[in-house]
Amino acid sequence: FVGLLFVPMLIAGFVMLFKSPELLEKRLDIKEKQAAQKGVLALSGVMFIAGFVVAGLDHRFGWSQVPGWVVAAAAALFLLAYALYAEVLRENAYLSRTIKVEQGQTVVDTGLYGIVRHPMYAVTILLFLMIPLVLGSWYALIIFAVYPAIIIVRLKDEEELLTRELAGYAEY
């Protein structure tokens, strides 16, 4: 799992470092200014820690058994989600980990953004729901299933800000 998680992450990091260091800098900036978003980040962190701890305990004590074919399919979907994540990074130079609108920012409405309004969130939901399956834990999946609700809270604030501050976003 560590290889499945970190090898694509390292590759993406090096590609951004050499091709788009400003995008890498934006992706590494996690200083949220909005209280609600600080809560979203904190809740996400708690979810991750709890999910990994439960997955480890599940493995140690054999609480649940995920069939090998499900683990393999989840690993394949995990890698597909990483590829889609890379495509989103390629398509949108304005991606930031914090919710903000930059000077000169325009609406991206082509590629994956022409299909899904927030492809980064869709991809991260797929990534995070595959993690417990790759780790072989149905119980950890219950914990990671909280992530879509966390994203809904984040999206509410982001939609309001983009509609208010980004020209053309309301029409998009």
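The paragraphs below go through selected helices, loops and side-chain pairs in turn.

This is a predicted model, in which local features need pLDDT of at least 70 and side-chain atom pairs count only at pLDDT 80 or more, while totals for chains, interfaces and linings use all residues. Residues are numbered from 1 along each chain as its sequence is written, and side-chain values use heavy atoms, with hydrogens and water left out.

Helices here are DSSP runs of H or I with at least four residues, numbered from the N terminus. Helix H1 covers residues 2-19 and contains Met-9. Met-9 is partly exposed at 39% relative accessibility, on a scale where buried means under 20% relative accessible area, exposed means over 50%, and partly exposed lies in between (1.4 Å probe, protein chains only). Met-9 also belongs to a nonpolar surface patch with Val-2, Phe-6, Leu-10, Phe-14, Leu-17 and Phe-18, which together have about 730 Å² of accessible area. Such a patch is made of residues with over 30% relative accessible area and no salt bridge, with nonpolar side chains (Val, Leu, Ile, Met, Phe, Trp, Tyr) joined within 5 Å and like charges within 9 Å; the areas themselves come from the Shrake-Rupley method with a 1.4 Å probe, and for residues only the protein chains shown count as cover.

Helix H3 runs over residues 35-61, and its 27 residues reach 38 Å from the first C-alpha to the last, close to the 39 Å expected, where the expected span is 1.5 Å times one less than the number of residues. Its buried residues are Gln-37, Val-40, Ser-44, Met-47, Gly-51, Val-54, Ala-55 and Asp-58, and they pack against helix H6 (138-144) and helix H7 (147-165). Contact, in this text, means heavy atoms within 4.5 Å. Gln-37 has a relative accessible area of 0%, and its side chain is joined to that of Arg-154 by a polar contact of 2.9 Å. A polar contact is a pair of N or O atoms within 3.5 Å; within protein, one must be able to donate a hydrogen and the other to accept it, and residues adjacent in sequence count only if both atoms are side-chain atoms. Just after H3, Gly-62 takes a positive phi of about 65°.

Is Gln-105 buried or exposed? Gln-105 counts as buried because its relative accessible area is 16%. The side chain of Gln-105 reaches the backbone nitrogen of Glu-102 at 2.9 Å, and, not counting residues up to four places away in sequence, Gln-105 touches Tyr-94, Lys-100 and Leu-166.

The end C-alpha atoms of H5 are 22 Å apart, which agrees with the 22 Å that its 16 residues should span at 1.5 Å a residue. H5 is mostly covered, with 12 of its 16 residues buried, among them Tyr-121, Phe-128 and Pro-132. H5 is followed by Gly-136, whose phi is positive, near 80°. In the loop between H5 and H6 sits Ser-137, which is buried with a relative accessible area of 0%. The side chain of Ser-137 makes a polar contact of 2.6 Å with the side chain of Asp-58, and it also reaches the backbone nitrogen of Tyr-139 at 3.4 Å. Leaving aside neighbours within four places in sequence, Ser-137 is in contact with Val-54, Ala-55, Asp-58, Ser-64, Val-66 and Pro-132.

The whole structure holds 4 salt bridges, each defined as a side-chain nitrogen of Lys or Arg within 4 Å of a carboxyl oxygen of Asp or Glu. One of them joins Arg-90 and Glu-87 at 2.7 Å, N to O, and these two residues are separated by about one helical turn because they are 3 residues apart in helix H4. Arg-90 counts as exposed at 60% relative accessibility, whereas Glu-87 is partly exposed at 25%. In helix H7, Glu-160 and Lys-156 are 4 residues apart and therefore also separated by about one helical turn; the closest N and O atoms of their salt bridge are 3.5 Å apart.
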